Amino acid sequence: MNPMSKSMLPVLFAVTVLALVSGTTLMLPDSKVLAHDGAPEMHHDAHASAAAAESQVEIVIREGGQPRLKGQQTHGRVIALVAGQPAVLAFRNEDTVPREFVSPLFTRAEIRFEGRATGIFRKDAVGFRLSPGATLTLRFLTPYSGFPKMYDLIWCSHDHGQEPETELEELLVVMTEEQ
């Protein structure tokens with residue numbers, strides 16, 4: 001890390017805390033890497049091999065429908081990933097309203113974003129809002145948790161201009177296994 005980056009850490013931390021506390025959403029620029037320093041260091045690259053297979057999953061939302069999962073790592077509403085292995089989650093919003101995808105998983109990995117979305121920062125999770133017709137791809141190394149299996153939820157929500165209490169939510173489960 002260069003000296004300029006080290007001097008910016010307190011500022012970036014303060015901005016992140018203020019965004020979390022105020023419920024602010026931020027625009028995420030294309031192809032940027034966002035890191036979370038809270039991930040356990042003891043496992044990084046401990047099990048990863050140079051020829052690790054990339055897990056690719058596509059999540060498609062159609063008008064008024066539930067998320068559809070495509071990929072070999074999907075089983076119903078469950079996405080199976082391996083800790084320390086590369087993963088790609090491609091989200092496509094084919095609905096006529098914006099859709100949100102929020103998960104604690106996104107706070108524990110260094111993620112490269114490809115596409116356009118609005119960032120969402122909540123108390124224990126982060127995510128993004130996709131406009132109708134938008135696509136967003138997340139590339140990251142699946143984080144280690146210290147447990148043989150870890151389960152994370154991805155909340156997929158939308159509203160059709162109704163009251164907040166009538167907002168619809170669907171859940172996807174991400175199961176991460178250590179090998």
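These notebook entries record what I looked up about charged pairs and aromatic pairs in this predicted model.

**Ground rules.** I worked on a predicted model, in which local features need pLDDT of at least 70 and side-chain atom pairs count only at pLDDT 80 or more, while totals for chains, interfaces and linings use all residues. I number residues from 1 along each chain as its sequence is written, and my side-chain values use heavy atoms, with hydrogens and water left out.

**Entry 1, salt bridges.** I looked up salt bridges, taking one as a side-chain nitrogen of Lys or Arg within 4 Å of a carboxyl oxygen of Asp or Glu, and by this rule the count comes to ten. One of them joins the side chains of Glu58 and Lys70 at 4.0 Å, N to O. I noted that this pair links distant parts of the chain, with Glu58 in strand 3 (residues 55-62) and Lys70 in strand 4 (residues 68-70), twelve residues apart; strands here are DSSP runs of E with at least two residues, numbered from the N terminus. Glu58 and Lys70 also belong to a network of salt bridges that includes Arg62, Arg92 and Glu94.

For accessibility I called a residue buried under 20% relative accessible area, exposed over 50% and partly exposed in between, using a 1.4 Å probe and protein chains only. Lys70, at 36%, is partly exposed. I then turned to Arg99 and Asp95, whose closest N and O atoms are 2.7 Å apart in a salt bridge, and found Arg99 buried at 0% and Asp95 buried at 3%. In the salt bridge of Arg129 with Glu100, the closest N and O atoms are 2.5 Å apart. Because Arg129 lies in strand 11 (residues 126-130) and Glu100 in strand 8 (residues 99-103), this pair ties together parts that are 29 residues apart in sequence. Here Arg129 is partly exposed at 27%, whereas Glu100 is buried at 11%.

I searched the whole structure for rings of Phe, Tyr and Trp (its six-membered ring) with centres within 6.5 Å, counting planes under 30 degrees apart as stacked, over 60 as edge-to-face and the rest as tilted, and the search finds four aromatic pairs. Among them, Phe91 and Phe101 have ring centres 4.7 Å apart and planes at 45°, so I logged the pair as tilted. Phe91 lies in strand 7 (residues 86-94) and Phe101 in strand 8, so parts ten residues apart in sequence are tied together. I found Phe91 buried at 0%, and Phe101 is buried at 0%. Ring pairs link Phe91, Phe101, Phe106 and Phe128 into a cluster.

Methods
Helices (H or I, at least four residues) and strands (E, at least two) are DSSP runs, numbered from the N terminus.
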